[in-house]
Amino acid sequence: MIVPETRIRTAERDDDAALGALDRAAWSPLHAVVPAPVPPYGPFFDERHLPGDYLVAVAGGALVGYVRIVQPIPLASHAHVLQIQGLVVAASARGRGVARALLRAAAGRARERGATRLTLRVLGHNAPARALYASEGYAVEGVLPGEFLIDGRYVDDVCMGRSLAD
């Protein structure tokens, strides 16, 4: 389970450099749909990626993970649905329950914001992430076959979701 000294909190503007470094270090074609980052690196936060959209995991004084939660369709009729658009855990913290803690915190934050559903998208070949999501109550709600071309291979985009009415 999660190591006791791991704490989940809302990201702060001062986390920009640490989150950027974490994001770059964790980049992998297993989960990334954009090319590997190359210098010069821009800021992690921008007008579309605000600190308040992120929950971060902190262990031993270092950021070891984050999850981003946003409203994917900015319409009042869709305000009850939030989406996870990014879940990253540092290699050094994997296998310690950090991703699971971030997912649970994301569900809690979504409930606080009045959401009744939480969704996400995951690449079809990312079996570890799909298994984690399923173990946390997310079900496959659709598959977009061959939606991405990654390393010369077409990869499915798997849409998953869960109710927050638990």
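View A. Seven strands form an open sheet in the order 1-2-3-4-5-7-6, with mixed pairing; two strands count as paired if DSSP finds at least two bridges between them. Strand 1 (7–10) and strand 6 (139–150) stand at the edges with a single partner strand each, so one side of each has no neighbour in the sheet. From one strand to the next, the twist averages 25°. Helices (H or I, at least four residues) and strands (E, at least two) are DSSP runs, numbered from the N terminus. The model is predicted: local features need pLDDT of at least 70, side-chain atom pairs count only at pLDDT 80 or more, and totals for chains, interfaces and linings use all residues. Residues are numbered from 1 along each chain as its sequence is written, and side-chain values use heavy atoms, with hydrogens and water left out.

**View B. Pairing of strands 5 and 7, and helix 2 on the sheet.** Strand 5 (residues 117–123) pairs with strand 7 (residues 153–163) in the antiparallel sense over 7 bridges. L123 has D157 of strand 7 as its bridge partner. Helix 2 (residues 98–112) packs on the sheet and touches strand 1, strand 2, strand 3, strand 4, strand 5 and strand 7; contact means heavy atoms within 4.5 Å. The direction of helix 2 makes about 155° with that of strand 4. Axes are lines fitted to C-alpha atoms, for helices over the stretch in contact, and angles run from 0 to 180 degrees between N-to-C directions.

**View C. The two faces of helix 1.** D16, L19, G20, L22 and A26 are buried in helix 1 (residues 16–26). Seen down the helix axis, these buried residues fall within an arc of 165°, so they line one face of helix 1; the arc is that of the directions from the helix axis to the C-beta atoms. The face turned away from the buried side carries the exposed residues A17 and A25. Buried means under 20% relative accessible area, exposed over 50%, and partly exposed in between (1.4 Å probe, protein chains only).

**View D. Helix 1 against strands 2, 3 and 4.** The buried residues of helix 1 pack against strand 2 (54–59), strand 3 (62–70) and strand 4 (81–89).

**View E. Setting of the close-ups in the chain.** The protein chain has 3 helices and 7 strands, running β-α-β-β-β-α-β-α-β-β from the N terminus on. Of its 166 residues, 40% count as buried.
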